[in-house]
Amino acid sequence: MNKSERNALLSFLSIYISSAMLLLGVLFYFYYKEQYKSLQKSCSMELINASMKVKTDILNAYMNNEKYIPIAFDNKDIRYALYDKDKNYLFSNLDREDAVDFTRRFYEKAEQHFFIQKLEEDNIPIKYIVIETCQGVESINRLKVYLTIIFFLSSIFIGFVAFFLAKLLLKPVREKVVSMDNFIKDSAHELNTPVSVLMTSVSMLKNGKNPEKMMKYILSSSKQISQIYNDIHFSAFNDINESLEEKFNLAQLVEDSVDFFNDISVTKNIKIKSDVRDLKVFMDRTKAQKLVNNLISNAIKYSGFNSTIKVTLIDGILRVEDFGIGVSEEDQKEIFKRFKRGKNIEGGFGIGLDIVNRVCKSYNLKLNLESKVNQGSTFSIDFNSVICL
């Protein structure tokens with residue numbers, strides 16, 4: 001992973017995780033507020049019930065002319081105290097007597113919840129019942145711990161998902177970048193050969209050495225550069241769905257291509273033999289030219305020196321046969337993909353057969369490849385779907 005990819009990954013992770021954590025934090029905050037209110041209400045009701053029980057016991061005792069004797073609650077977490085009208089305690093088992101605030105009715109203080117009940121009866125010396133519990137605070141603290149743990153685990157999960165998504169999204173981009181890097185390197189190599197031959201031929205021609213042969217090499221190199229440029233331009237700028245259909249003789253187009261590439265194949269001393277029959281088709285002429293040119297160009301690239309290439313157009317089927325290095329069964333599955341090259345160092349940069357495949361699909365032309373390693377390859381295209389009478 002290079003620096004740019006690392007920066008992109010970190011940027012994606014930071015934005016995704018921070019936004020997800022912000023959203024999660026907001027949801028947790030509202031959830032906590034709702035749960036806090038619910039716990040406060042539950043605690044308040046529990047303390048009110050406890051105070052009503054104490055008040056009932058006090059009233060019953062004084063109605064029966066008995067002295068009230070405080071009794072501890074079964075729930076040890078609930079404690080209480082009794083105060084007279086001057087707020088002097090008459091009984092108390094509170095943990096925090098200093099936290100009692102008679103100006104408030106229900107409140108939280110010093111890790112405790114308090115509820116204060118006032119008695120209005122004149123004949124009873126007990127005027128205030130103060131109920132204390134730590135249960136509400138403990139429940140709230142447990143809620144905080146629970147939410148903190150969930151938030152932490154959720155953060156880890158979100159981080160993992162973000163990293164997985166980032167890798168998943170960056171994978172095709174990385175593959176594309178690698179393909180483009182290889183394309184640039186291969187195109188430089190592909191152009192290097194005809195440019196070198198062209199410069200050498202021009203230099204020798206200036207010195208008067210074998211002018212006829214040098215002119216052939218100059219013509220061949222110029223046509224190779226032209227073919228490479230046309231492929232790159234067509235692949236990069238032409239929309240495969242845009243067509244200008246017309247009726248023309250495919251046989252004449254094939255013959256013109258054979259003549260064109262005979263000048264290119266001279267550098268490898270390759271002979272291109274043709275046997276074509278008249279065939280009227282209705283399609284885009286430029287795309288048909290690309291089909292024929294790229295198949296012949298591909299055959300030249302993967303053929304050895306002093307070999308032969310056969311081009312035939314019989315019964316609506318165009319065949320281009322070479323006797324070069326061939327294509328393995330494994331590579332045949334990938335050979336028509338963009339930027340996919342054969343294993344021959346001379347073999348282009350992987351857009352020629354991609355163009356052929358795309359044009360064939362746009363016209364429903366059947367494209368077939370028969371090949372054996374070290375024996376050669378035969379590409380065939382069935383034009384019967386575009387034949388016109």
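**Close-up views of a predicted model**

View 1. What holds strands of a sheet together as pairs? They pair through backbone hydrogen bonds, and they can do that either parallel or antiparallel.

View 2. Zoom in on β3 and you'll find four bridges joining it to β4 (residues 112-118), with the two running antiparallel. Which residue of β4 is the bridge partner of Y107? It's F114.

**View 3. Two helices crossing, α5 and α7.** Helix α5 (residues 285-301) and helix α7 (residues 352-363) have axes that come within 9 Å and cross at roughly 145 degrees. The crossing of α5 and α7 is left-handed. From α5, the contact is made by K287, K290, L291, N294, L295 and N298. From α7, it's G352, L353, I355, V356, V359, C360 and Y363. Sort the residues of this contact by type and you get eight nonpolar, three polar and two charged.

**View 4. Strand β12 with its partners β10 and β11.** On one pairing, β10 (residues 317-322) meets β12 (376-382) in the antiparallel sense over six bridges, and R319 stands opposite S380. On the other, seven bridges join β11 (residues 366-372) to β12, again antiparallel, and here L369 stands opposite F379. The hairpin of β11 and β12 has three residues between the strands, and N374 takes a positive phi near 70 degrees there. Is β12 enclosed or open? Six of its seven residues are buried, so β12 is largely enclosed by the rest of the structure.

**View 5. F383, a buried residue in the segment after β12.** Find F383 in the segment that follows β12. At 0% relative accessibility, F383 counts as buried, because buried means under 20%. What does F383 touch? Leaving out residues up to four places away in sequence, F383 touches L250, L279, M283, L291, G316, L318 and L365. One of these, L291, also shows up in the contact of α5 with α7. Finally, F383 and L367 are 16 residues apart along the chain, and their C-alpha atoms are separated by 9.5 Å.

Note on methods. Residues are numbered from 1 along each chain as its sequence is written. This is a predicted model: local features need pLDDT of at least 70, side-chain atom pairs count only at pLDDT 80 or more; totals for chains, interfaces and linings use all residues. Side-chain values use heavy atoms; hydrogens and water are left out. Two strands pair if DSSP finds at least two bridges between them. Axes are lines fitted to C-alpha atoms, for helices over the stretch in contact, and angles run from 0 to 180 degrees between N-to-C directions. A crossing is left-handed if the near helix is turned anticlockwise from the far one by less than a right angle, and right-handed if clockwise. Contact means heavy atoms within 4.5 Å. Ala, Val, Leu, Ile, Met, Phe, Trp, Tyr, Cys and Pro count as nonpolar, Asp, Glu, Lys and Arg as charged, and the others, Gly among them, as polar. Buried means under 20% relative accessible area, exposed over 50%, partly exposed in between (1.4 Å probe, protein chains only).
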